[in-house]
Amino acid sequence: MSDFSHLNDSAKGMLSLDDAQRIEKIRSDRWIGYSKAKNILNKLEDLLVHPRTERMPNLLIVGDTNNGKTMLVKKFCRNHPAEDNPEGNGVLAPVMFVQAPPVPDEGRFYNSILELLFAPYKPSERVDKKQFQVIKLLRYVGLKILVIDEIHHILAGNTNRQRAFLNVLKYLGNELQITIVGVGTKDAFRALQTDPQLANRFEPVMLSRWEFDNEYLRLLASFERMLPLKKPSVLHEHKLASRLFAMSEGYIGELSKILNNAAVYAIENKLEQITLKVLDDLDWITPSARKRRLDGVS
């Protein structure tokens, strides 16, 4: 009888579940602490304990779509949840995650923050009133790091709106003496470059696509240990690893979806392992092929 040594303890425990429950677990979010992500998390931890100064350091996490940026910063936020404030009536929230509005709109940005703080507000209220309320509340909860996802949305507005939104970021950082962490595509770097003063405050960190190397093979081994399949797949074996790399094109988000779909297929078809045949049966379309199809439609 197999000792399921190809799985970690958590995945072994899932083997006692029925197929539907195992599939639900497979489709749930999971965190794999690969070295690139750990390095960025360490940078974020350093920023969290940075003393408040007149010119706080900021971070810009840049990478292609579906390459693990958002999952990484959400992991950091989960590590530092809001907690009760023994000296006040509210909570302490050292880290906050907010998504940039689809266009650079100061009012909508403040609305998002107020909603996260469960604060009453009127959407039609003047921006300066919302700004005052946001500053007051963020100071009250002891915010230290504001994470802004999809920050490249700044470019969706005209030059004046871009400049106004960047001024908001600058004002929040200066007034509260907090660190701002921007997360986005390469366009995010271009967006911040429109304000040289602000650009100098952001350290860019690139979350690059994966290469076919030993670290990638270790990543596959980590995935296998977390997928509750009863038979070993040996994902890091050269043929499987090469096929998975070609299908995902080096994007960790794509790789995760492929492996999840393959694991579900393996359970539903009583195979209990991921093989080349299973990958063939997925009819997976690579990211570049999808883009070509969309370009053809347009």
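The expected span of a helix is 1.5 Å times one less than its number of residues. Helices here are DSSP runs of H or I with at least four residues, and strands are runs of E with at least two, numbered from the N terminus. This is a predicted model, in which local features need pLDDT of at least 70, side-chain atom pairs count only at pLDDT 80 or more, and totals for chains, interfaces and linings use all residues. Residues are numbered from 1 along each chain as its sequence is written, and side-chain values use heavy atoms, with hydrogens and water left out.

Let's begin with helix 10. Its 13 residues should span 18 Å at 1.5 Å a residue, and because its end C-alpha atoms are 19 Å apart, the two agree. At its start, a side-chain oxygen of Asp213 comes within 3.2 Å of the backbone nitrogen of Glu215. Glu215, Tyr216, Leu219, Leu220, Phe223 and Glu224 of this helix are buried (under 20% relative accessible area with a 1.4 Å probe, protein chains only). These buried residues pack against helix 3 (35–48), helix 11 (238–248) and helix 12, where contact means heavy atoms within 4.5 Å.

Now look at the partner, helix 12: residues 252–268 pack with residues 214–226 of helix 10 at an angle of about 35°, with axes 12 Å apart. Those axes are lines fitted to C-alpha atoms over the stretch in contact, and angles run from 0 to 180 degrees between N-to-C directions. Tyr216, Leu219, Leu220 and Phe223 of helix 10 meet Ile252, Leu255, Ser256 and Leu259 of helix 12.

Finally, visit His80, in the loop between helix 4 (69–79) and strand 2 (83–84). His80 is buried, with a relative accessible area of 17%. Leaving aside neighbours within four places in sequence, His80 is in contact with Glu45, Leu48, Pro94 and Val95.

Notes:
Buried < 20%, exposed > 50% of the residue type's maximum accessible area, 1.4 Å probe, protein only. Polar contact = N/O pair within 3.5 Å; in protein donor to acceptor, adjacent residues only side chain to side chain.
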